[in-house]
Amino acid sequence: MHLKFDSDEQKFREELQSFFTTKIPEEIRQRAAAGTLNLPDDIVTTQRILNADGLATPGWPKEWGGRDWSPIQRNIYHDQLSLNFVPDPLTFNVNMVGPVIATFGSQEIKERFLPATANLDIWWCQGFSEPEAGSDLASLKTRAVRDGDHYIVNGQKTWTTLGQYADWIFCLVRTNPDVKKQAGISFLLIDLDTPGIEMRPIKLIDGSVEVNEVFFNDVKVPVENLVGEENAGWTYAKFLLGNERTGIARVGWTKTKLAEAKKLAAATKTANGTLLEDPLFAARLAELETELLALEVTQLRVVAGSADGKPNPISSLVKLRGSELQQSATELLADVAGARGLAVDAPGVGTPEWAQLAVPEYLNYRKVTIYGGSSEVQRSIISSSILGL
């Protein structure tokens with residue numbers, strides 16, 4: 001491939017940049033840049049603006065609001081979202097449950113859920129992981145027993161991100177315990193207002209409540225909420241997880257963090273000038289920028305080579321390195337904050353808000369080498385599928 005955008009791609013990028021900077025409210029983009037979004041309102045507002053112009057679900061089938069974009073155009077779209085500080089469309093809706101419903105759901109379930117999912121009239125959360133079924137997801141134990149026109153669901157899910165804002169949860173449940181574990185799983189859509197569901201927050205190391213655990217106690221779910229075929233949920237889950245890893249490298253986001261670190265370092269005084277002028281810091285920043293450029297080129301190669309829709313094992317390398325560079329960028333910002341980063345959530349102390357957010361963000365981003373397939377899993381894929389070891 002040519003590692004340079006042609007004139008049409010350049011025009012496409014400029015059109016997106018113009019839309020994002022004029023149609024998305026400036027105050028939302030400022031909060032996104034500062035890491036202080038008002039949830040859930042800012043996400044809902046942004047996604048509905050994007051959806052009104054056909055920009056919320058470009059990867060969906062055209063009949064359900066998708067765009068017939070090339071892989072390069074899709075990559076430009078995600079990059080411009082980050083570079084212009086536009087909150088991403090809610091990934092649980094756009095990249096996870098929406099594509100599953102569009103691909104495997106009945107016409108009735110598509111018509112019922114896809115428009116509301118695209119417009120964020122329904123906020124979805126993900127019910128996959130369990131206390132004893134994380135990396136080995138197929139070992140999940142949450143049961144759904146058929147009882148006439150309903151399933152009766154009992155069990156527990158954990159690490160349910162942003163579940164406190166959700167209206168519905170898409171769940172993997174065990175519908176047949178007597179077969180090979182991957183073969184007895186189904187994909188079920190559950191209204192969180194259904195009696196018997198309890199959502200409990202989990203406080204994270206950075207002090208935030210981002211994830212939850214969900215308990216199901218004799219929850220009655222209509223059979224019509226089953227996506228696809230009973231006991232075929234593992235196939236749908238693998239399809240969903242492939243979509244989840246798309247864009248997880250977040251090159252554009254890391255670019256904004258390195259640019260922020262450079263700007264803040266230039267304003268941080270040291271005994272010999274500024275932090276940006278310190279040779280060790282400058283070398284560290286240059287190394288990260290070089291590694292990020294190499295990752296971006298690799299990602300473009302992967303994107304350009306995925307036009308046939310087949311999975312590319314090199315995407316595991318992109319995910320692995322991308323998540324590591326996200327962590328490195330947050331660590332760099334925490335180091336720029338220095339002692340100022342110790343005053344966390346302390347209004348009135350005179351410490352800049354960005355510095356107070358730097359360490360919590362650094363701690364929070366320890367997660368990125370785990371979710372979407374841990375670094376260990378990605379290395380195994382690279383070893384077997386790329387290196388042939």
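The following paragraphs treat the annotated domain, one arginine within it, and then the salt bridges.

This is a predicted model. According to an unreviewed UniProt entry, residues 8-119 carry the annotation "domain: Acyl-CoA dehydrogenase/oxidase N-terminal". That span is 68% helix and 0% strand, and its end C-alpha atoms lie 29 Å apart.

Within helix H2 (residues 26-34) is Arg31. Its relative accessible area is 21%, so Arg31 is partly exposed, given that buried means under 20%. Leaving aside residues up to four places away in sequence, Arg31 touches Thr36, Leu37, Asn38 and Asp42. Phe85 is 54 residues from Arg31 along the chain, yet 8.5 Å separates their C-alpha atoms.

Side chains of opposite charge can pair when their charged atoms come close. In this model, the count of salt bridges comes to 18. One of them joins Glu260 to Lys257, with 3.7 Å between the closest N and O atoms. Both residues belong to helix H8 (residues 251-266), where a spacing of 3 residues separates them by about one helical turn. Lys257 counts as buried at 9% relative accessibility, whereas Glu260, at 23%, is partly exposed.

Arg321 is partly exposed at 28% relative accessibility, as is Arg379 at 42%. Together with Glu291, the residues Arg321, Glu324 and Arg379 are linked in a network of salt bridges.

Note on methods: Residues numbered from 1 in each chain as written. Predicted model: local features only at pLDDT ≥ 70, side-chain atom pairs only at ≥ 80, totals over all residues. Heavy atoms only, no water. UniProt positions renumbered as here; feature names shortened; annotations may be inferred. Helix = DSSP H or I, 4+ residues; strand = E, 2+ residues; numbered from the N terminus. Buried < 20%, exposed > 50% of the residue type's maximum accessible area, 1.4 Å probe, protein only. Contact = heavy atoms within 4.5 Å. Salt bridge = Lys/Arg side-chain N within 4 Å of Asp/Glu carboxyl O.
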